[in-house]
Amino acid sequence: MPDEPGGGDAGDRRVLLIMIISSPNALDDVLTAMLDYGVAGTVVEAKGLMALMREEMPVFGGLASMLGSTTGSKVILSLTTAKLVEQIFGFIDSEMKAKERPLAFTVPVDSVRAAS
């Protein structure tokens, strides 16, 4: 595998891991795996578009009710390395039931600045 700019290998490449989790059982499994691999993250409460429409726009309530009753999700955000993401994805693929797997993807991160 070719070296990344800056001398690191591809596994050291920084990425933003984003996971959208709808199942409460899946959240426990994913958080446990992240802790096991030493990956930190932030969990954010999320609400789907249809749930928001049901609550905030009653005129669309009938339409939203035809599309299911998902109440909300959790979104995990983690700035980590590509190597650790592959380990987490391996866990998700091998250990979690297909219907409980989160939607998970990464976004490349070119630079990071943190408050001092």
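**Exercises on a predicted model: sheet and helices**

Strands β2 and β3 run antiparallel and are joined by 5 bridges. The model is predicted, so local features need pLDDT of at least 70 and side-chain atom pairs count only at pLDDT 80 or more, while totals for chains, interfaces and linings use all residues. Residues are numbered from 1 along each chain as its sequence is written, and side-chain values use heavy atoms, leaving out hydrogens and water.

**Exercise 1.** State the order of the strands in the sheet and find its edge strands.

Solution. 
- Helices (H or I, at least four residues) and strands (E, at least two) are DSSP runs, numbered from the N terminus.
- Two strands pair if DSSP finds at least two bridges between them.
- The 4 strands form an open sheet, in the order β2-β3-β1-β4, with antiparallel pairing.
- β2 (42-46) and β4 (103-108) each pair on one side only, and are the edge strands.
- From one strand to the next, the twist averages 20°.

**Exercise 2.** Decide whether Ser-73 is buried or exposed, and list what Ser-73 touches.

Solution. 
- Ser-73 lies in strand β3.
- Buried means under 20% relative accessible area, exposed over 50%, and partly exposed in between (1.4 Å probe, protein chains only).
- Ser-73 has 14% relative accessibility and therefore counts as buried.
- Contact means heavy atoms within 4.5 Å.
- Leaving aside residues up to four places away in sequence, Ser-73 touches Ile-20, Ile-21, Ser-22, Val-44, Glu-45 and Ala-46.

**Exercise 3.** Check the span of helix α1 and work out how its buried residues are arranged.

Solution. 
- The expected span of a helix is 1.5 Å times one less than its number of residues.
- For the 14 residues of α1 (residues 24-37) this gives 20 Å, which agrees with the 20 Å between its end C-alpha atoms.
- The buried residues of α1 are Ala-26, Leu-27, Val-30, Ala-33 and Met-34.
- Seen down the axis of α1, these fall within an arc of 135° and so line one face of the helix; the arc is that of the directions from the helix axis to the C-beta atoms.
- An α-helix has 3.6 residues a turn, so residues three or four places apart point the same way.
- On the other side of α1, Pro-24, Leu-35 and Asp-36 are exposed.
- The cover over the buried residues of α1 includes β1 (14-21), β3 (73-81) and α4 (82-95).

**Exercise 4.** Name the buried residues of α4 and what covers them.

Solution. 
- In α4, Ala-82, Val-85, Ile-88, Phe-91 and Ile-92 are buried.
- Their cover includes β1, α1, β3 and β4.

Technical notes: Axes are lines fitted to C-alpha atoms, for helices over the stretch in contact, and angles run from 0 to 180 degrees between N-to-C directions.
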